[in-house]
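Please look at the sequence and the 3D structure shown below. A short report on them comes after.

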Amino acid sequence: MKNRRGFQTRQYMLNNDYEIYHYQDTGLASVSTHHHDFYEVLLFISGAVTYLIEGKAYDLRPGDIVLINSRELHQAVIRDLQVPYERIVLWLDRSLVQGLSTEMADLSGCFHTTDHKNVIRTDLETQQRIRSLLNQILDLQHYHGFGRQLLDQACLTQLLVWLNHEMLDVSKRQKVDVRKSRVIEDVIDYINQHLDEALRIDDLAERFFLSKFHLSREFREQTGTTLHRYILQKKLIQAKELILQHLSITDVYQQCGFGDYSNFFRAFRNEFGMTPKQYYDQMRRTEEEDS
């Protein structure tokens, strides 16, 4: 795992706890807008890359730390295919992070709090500390001796503590330029607060005093995806969360603004390659294996 490897398109975890990769790519096309059922930490090392996260555009610099939670749609846009895009990517199961937390220290806070920032830009010393911890975790992929699980937990806990520390301590944090549209930001906020409704594009255009054409074009420019697709993906992300809360399928599709079960069933299967029940059964098996 220490060796650099080319990007793989898989966006789901094979392990139940965490996965880590050190990627270096040239000629990589932009990755489509997507989300994960887990947390993602990305340490940007090199490249010409803009990260689009929920309508905000970040031009990354070496040493930037990207934090993405399980509900945020995001996309990497490669601006220059000839410049090597190098990064370390860590995927963390949400239950693992919860298990490492204590009553006094919620380690998931860096992904969720009201002060949550998607991109942290900090001083060189902190960058080196974070990279050192990630390299230790990479090295552990080759170790299968005594206490491996404890070493995993120790390194991951240290990393999460420092990430939360950086999120809370603004004294060393450097300014990150964010390109965004106030109107599209308001549209995204409205969508996320009304996922239980039908959310028609014509109605959104009227609410925000824009033509349907202008709204659709501006939304795609800011987010990297279409307005229709964004709404559908956010509804389906919400559906997965509700399924894991053991709500009935009828309650799930109604609370996610789908008109009927057949439309919900078809959209869920097309997006995730499995039915809602298969997703629920898969998550239950994972929980049982972890317990």
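## Basis of the model

This is a predicted model, in which local features need pLDDT of at least 70 and side-chain atom pairs count only at pLDDT 80 or more, while totals for chains, interfaces and linings use all residues. Residues are numbered from 1 along each chain as its sequence is written, and side-chain values use heavy atoms, with hydrogens and water left out.

## Two domains

The protein is divided into domain 1 (4-168) and domain 2 (181-290); such bounds come from an automatic or database domain assignment. Between the C-alpha centres of domain 1 and domain 2 the distance is 25 Å. Domain 1 gives 16 residues to the contact and domain 2 gives 20 residues, where contact means heavy atoms within 4.5 Å.

## The interface

The size of an interface is often given as the accessible area lost when the parts come together. Here the area buried between domain 1 and domain 2 is about 1500 Å² (accessible area, with a 1.4 Å probe, that two parts lose on being put together, summed over both). Carbon and sulfur atoms give 42% of this area. On the side of domain 1, N16, R71 and L73 lose the most area to domain 2, together 35% of what that side buries.

Four salt bridges are found across the interface of domain 1 and domain 2; the rule asks for a side-chain nitrogen of Lys or Arg within 4 Å of a carboxyl oxygen of Asp or Glu.

## An open sheet

Four strands make an open, antiparallel sheet in the order β6-β3-β4-β9. Strands are DSSP runs (E, at least two residues), numbered from the N terminus, and two of them pair if DSSP finds at least two bridges between them. β6 (74-78) and β9 (178-179) stand at the edges with a single partner strand each, so one side of each has no neighbour in the sheet.

Strand β3 (residues 49-53) runs antiparallel to strand β4 (residues 56-59), and four bridges join them. For L52, the bridge partner in β4 is A57.

## Salt bridges

How many salt bridges does a search of the whole structure find? The search finds 17.
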